[in-house]
Amino acid sequence: MSTPGPFAARTAIFTRLRAAAPAQSLTMPDVAAYYDASPLPGAADRMTRFSERARSWQAEVIETDRDHWLEALAGVLEAKGVRRLLAGRDTAIGHALETSSVPSQLHWYDDPIESCKDFLFDAVDAGITTALGGIAETGSLILWPNRNEPRTLSLVPALHIAVLDARQLHETLHDAMRAQAWAADLPTNALLVTGPSKTADIQRLLVYGAHGPKQLVILLLRDEANL
């Protein structure tokens with residue numbers, strides 16, 4: 001008895017696929033209706049749930065407030081032994097850092113990567129970025145890299161420090177997209193960051209820092225209602 005060749009097997013597979021019923025896909029209104037109909041936890045403990053889930057992914061969450069986050073940052077830099085902190089200059093974070101006690105460690109990400117690659121990869125200890133928002137359901141950060149805070153600022157240094165305003169915490173990604181009107185101004189590179197970089201590709205051993213930062217510290221700026 002002869003064994004069917006590879007082309008016969010492929011033909012049989014394609015025949016079954018063509019005969020199958022068309023796959024059902026969700027349209028955008030269906031997605032919105034699904035989330036609208038899904039009960040969501042209340043906003044009262046959203047910050048707690050975000051912090052717990054972020055920590056479950058090995059992120060460090062430091063709760064502070066808008067008047068003292070620079071002091072919290074200084075504590076992180078001392079505890080982590082950070083000598084060179086990289087930041088975007090023309091940002092709210094950058095303006096605050098200029099008048100803080102951090103400038104002795106502060107370096108600006110002003111140059112194109114072609115001219116600062118060696119410094120970025122070999123000398124920088126930490127990069128600090130703004131978080132556009134956070135997702136309580138997964139403990140994820142939302143980043144929108146731009147010219148002042150390029151993707152490499154959060155990707156290359158071994159330590160990524162993110163500053164997140166608790167008022168920008170949302171329950172789900174869908175909630176964040178709708179509340180922040182992503183459809184009207186979606187960037188070319190929207191990122192979700194859940195814990196530090198990790199992989200288990202090699203022998204299924206979990207390794208941190210294989211494709212990015214080994215550590216993630218989130219400075220969570222509490223809302224006044226949570227003080």
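A nonpolar surface patch of about 290 Å² is formed by Ile13, Phe14 and Leu17. Such patches comprise residues with over 30% relative accessible area and no salt bridge, with nonpolar side chains joined within 5 Å. Areas follow the Shrake-Rupley method with a 1.4 Å probe. Leu17 belongs to helix α1, residues 6-19 (a DSSP run of H or I, at least four residues; strands are E runs of at least two). Leu17 is exposed at 57% relative accessible area (exposed is over 50%, buried under 20%, partly exposed in between).

The model is predicted; local features need pLDDT of at least 70, side-chain atom pairs count only at pLDDT 80 or more, and totals for chains, interfaces and linings use all residues. Residues are numbered from 1 along each chain, and side-chain values use heavy atoms, without hydrogens or water.

The structure holds 9 salt bridges (a side-chain nitrogen of Lys or Arg within 4 Å of a carboxyl oxygen of Asp or Glu). One of them pairs Asp110 with Arg89, the closest N and O atoms being 2.5 Å apart. This pair links distant parts of the chain, 21 residues apart. Asp110 lies in the loop between β3 and α6, Arg89 in the loop between β2 and α5. Asp110 is partly exposed at 44%, and Arg89 is partly exposed at 30%.

Asp45 forms a salt bridge with Arg49 at 3.2 Å between the closest N and O atoms. Asp45 is partly exposed at 36%, whereas Arg49 is buried at 9%. Arg167 and Asp165 meet in a salt bridge of 2.8 Å, N to O. Arg167 is exposed, at 51%. Shared partners join Asp45, Arg46, Arg49 and Glu171 into one salt-bridge network.

Methods
Patches are made of residues with over 30% relative accessible area and no salt bridge: like charges are joined within 9 Å, nonpolar side chains (Val, Leu, Ile, Met, Phe, Trp, Tyr) within 5 Å. Buried means under 20% relative accessible area, exposed over 50%, partly exposed in between (1.4 Å probe, protein chains only).
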